[in-house]
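Here's a quick tour for anyone meeting this structure for the first time. Take a look at the sequence and the model, then read on.

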Amino acid sequence: MSDGKLVGIVLVSHSAEVAASVAGLAKGLAGGDVSVPIAPAGGTAAGGFGTSSELVSAAAASVDRGAGVAVLADLGSAVLTVKALLAEGDELPDGTRLVDAPFVEGAVAAVVTAATGADLAAVEAAAAEAYAYRKE
Amino acid sequence: MLDADFFRRWMTACAASVEREADRLTALDSPIGDADHGTNLQRGFRAVTAALEREAPTTPGAVLTLAGRQLISSVGGASGPLYGTLLRRTGKALGDAAEVSEEQLAEALRAGVDAVRALGGAAPGDKTMVDALVPAVEALSTSFAAAKDAADEGAIATTPMLARKGRASYLGERSVGHQDPGATSSALIVAALEEADGE
């Protein structure tokens, strides 16, 4: 637990619709408590497919409650943009981490876990654990 | 010695080269990518040119870190964070000296290429920009012309390779027989060094 502050979640996708929709899905599956700060950062600033570092930075700032921010990303430039911003040092709130997790399943696990008041490490672990869920 | 004006000319030459070759880069990106490499880099280097005019950085390091930031924020595709990291890390390695030697540039670019490899996880032979950049950095201690030739050869050598990174890697064997667009644009950026030097 971290002083009642909730970990923020940012969902970075190449598509604005995918990011927003996965955010909605994760919130819905989290049940009653939708107080988890969650922000989609999808597509380019111009509305196309791709990644916007401005949208990512703004989303992270908007969900930062002082308990850390877990960022989930889908493909190529989404992952690389978040990594490059983290390497920059001052572009994302302190305690922001790129979580190595499948995008949809990881987002659901992260939001459900964050809703319990879990700390960033627990949210990250829950999201990463989603890789272990086999579908065969 | 190379001053801030040299690095400004390098970035301007990159921008001009990308404008000239944008259609070709996008065409290369069509069979094995998502056909946006030329337009993405055009947008990125236009932002670089505008920022350099607006902010007029005064050291080589400041020129490259500013340019790198613009690429990270304006490109929209994977080439943005990759080339942005290349320039930013190279710029940081140059520090705040008013002038740098060609040897210092070669050393700094090596740090930049290492950062690109760390970010994207690509090694030589994976059919990426690394295949042009690594030989170019090796040859840079000889001359800008040698670096250009090494980058060109590196880019051409990606044609028979099987892509192991990026979107093209999803294509497996079907990625063979196409020159990598990222290695091709890397060769343009290296070639622009010689243009900046010759002006």
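This is a predicted model: local features need pLDDT of at least 70, side-chain atom pairs count only at pLDDT 80 or more; totals for chains, interfaces and linings use all residues.

In α7(B), the buried residues are Phe144(B), Ala147(B), Lys148(B), Ala150(B), Ala151(B), Asp152(B), Gly154(B) and Ala155(B). What covers them? Part of the cover comes from α6 (130-139) and α8 (181-198) of chain B.

As for the helix itself, α7(B) runs over residues 144-156, 13 residues in total. From first C-alpha to last it reaches 18 Å, close to the 18 Å expected at 1.5 Å a residue.

## Chain A at a glance

Over in chain A, you'll find five helices and four strands. Follow the sequence and they come in the pattern β-α-β-α-β-α-β-α-α. The radius of gyration of chain A is 13 Å, close to the 14 Å that the globule rule gives for 136 residues, so chain A is as compact as a globular protein of that length.

The C-alpha atoms of chain A fill a box of roughly 40 × 35 × 25 Å along the principal axes. Of the 136 residues in chain A, 54% are buried. Among contacts in chain A with a separation of 6 or more, 73% link residues 24 or more positions apart.

## Where the chains touch

How many residues of chain B are in contact with chain A? The count is 14, and they meet 13 residues of chain A. On the chain B side, α3 (60-74), α4 (79-94) and α5 (102-120) each give two or more residues. The largest share, five residues, belongs to α4(B). By type, this side of chain B has five nonpolar residues, eight polar and one charged.

Terms used:
Residues are numbered from 1 along each chain as its sequence is written. Chains are lettered from A and ligands numbered from 1 in the order in which they are written. The expected span of a helix is 1.5 Å times one less than its number of residues. A residue is buried if 20 or more other C-beta atoms lie within 10 Å of its own, exposed if 12 or fewer, and partly exposed in between; C-beta atoms are placed from the backbone. Two residues are in contact if their C-beta atoms, placed from the backbone, lie within 7 Å. The radius of gyration is taken over C-alpha atoms; the globule rule is 2.2 Å times the number of residues to the power 0.38. Ala, Val, Leu, Ile, Met, Phe, Trp, Tyr, Cys and Pro count as nonpolar, Asp, Glu, Lys and Arg as charged, and the others, Gly among them, as polar.
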